[in-house]
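Please look through the structure below before reading on.

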Amino acid sequence: MSADTPLLTLLTTTPLFAVGLTLAAYLLGSALFQRLKRPSWLPAILIAALLLAGALALIGLPYATYQQGATWLTVLLGPATVALGMPLYQQLPRIVELWRPLAICLPIAATLAACYSLAIAWLLGSSDTILASIAAKSVTAPIAIGITEQLGGTVALLLGALLVTGVITIPCVSLAARWLHIDDERLIGFALGLNGHAIGTVRAFEISPTAGAFASLGMSLTGIFTAVLLPLAWRLISMGS
Amino acid sequence: MPALSGFLWLISYWLIGEVVIHFTALPISSGVIGMLLLCATLAVRGRVPSSIAAAAQPLIALLAMLIMPGVVGVFFIIGELAGQWSAILIALVLGTLLSVITTLWLLKRLIGQPHVR
């Protein structure tokens, strides 16, 4: 490389820059989270994401360039999702114990998770595209992207809706659990995964492995249920109106 | 290298998920199919091989970091939706609060609290 190549261009020719930036933001975010005494309204991932967005803006690195380098990390999401099968197996006896209430709760709760927000957005006059983009807001990202494309929504807006939903689920669950006098980690975990997808599940693993396993269960069941039924329901409603 | 062979298992299950999706056109991600297959395999074998545990545990611990690059993208689309944000935010925040309360209330009604840990 010649001396007049801008330093940033030089550094971003290797994905290691984006990977290093992500690692740094993650470690710094986690350290800050500990220092702030683990506030439930400000999860570690939000602190880290804000730091990372700030860093990108500061050095003027376009998001697309960063994202390309970060693929080296995001590609691991596939095997990491598969890895969730292990805690799921380890908690299988506890889950089987509760299969009947969970089977009753899941379709109702997963449907309502989408319907509440859709109804409110519709009442506030949001466009059809926006409705289609936020419909899958409680579904884990890889599944939600597929659903949103089928509904004709915007994937970028969907990811925004996923972030907001995931982050807000955490204080909502601690608030609602206190209000309803629930301290059963299994219920809290299931609610975190069902409503807050991967972000809620990560939080549940911070509580305990049991909460984490129920969260992975809630997350995957919601994902499958919504993926199968939402596009179908959407088509029926669109035909009716 | 137990972690390495465990990692190969995880990748293989993910790839099997891709194959299943290709042939069935299921609207599910291959990660979820792989997860269910892994869980089923472990249930059949009746134990977790140390190689899979060695690969799965660190990966699960890293989940938060792995979704970060996608999450950061949100801050770069804010400009595109000027004027719509308040409605979207209200819908998401209020909708999530309502749905969390409903979920927990339903679970409490259906399960109760048989033993508090």
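A salt bridge here is a side-chain nitrogen of Lys or Arg within 4 Å of a carboxyl oxygen of Asp or Glu. This is a predicted model, in which local features need pLDDT of at least 70 and side-chain atom pairs count only at pLDDT 80 or more, while totals for chains, interfaces and linings use all residues. Residues are numbered from 1 along each chain as its sequence is written, chains are lettered from A and ligands numbered from 1 in the order in which they are written, and side-chain values use heavy atoms, with hydrogens and water left out.

R186(A) also forms a salt bridge with E97(A), with the closest N and O atoms 3.7 Å apart. E97(A) lies in helix α7 (residues 92–97) of chain A and R186(A) in helix α12 (residues 185–207) of chain A, so this pair ties together parts that are 89 residues apart in sequence. Helices are DSSP runs (H or I, at least four residues), numbered from the N terminus. D184(A) is buried at a relative accessible area of 3%, and R186(A) is buried at 3% as well, whereas E97(A) is exposed at 56%. Buried means under 20% relative accessible area, exposed over 50%, and partly exposed in between (1.4 Å probe, protein chains only).

Another salt bridge joins E206(A) and R203(A), whose closest N and O atoms are 3.1 Å apart. These two residues are three residues apart in helix α12 of chain A, so about one helical turn separates them. E206(A) is partly exposed, at 35% relative accessibility. Shared partners join E97(A), D184(A) and R186(A) into one network of salt bridges. Over all chains, the count comes to three salt bridges.

L163(A) sits in helix α11 (residues 155–179) of chain A and is buried, at 6% relative accessibility. Leaving aside residues up to four places away in sequence, L163(A) touches I199(A), V71(B) and V74(B), where contact means heavy atoms within 4.5 Å.

Chain B has an average pLDDT of 86, and 92% of its residues score at least 70; pLDDT is the predictor's confidence in each residue, from 0 to 100. Within chain B, confidence is highest in helix α1 (residues 2–24), at a mean of 93, and lowest in helix α4 (residues 63–72), at 83.
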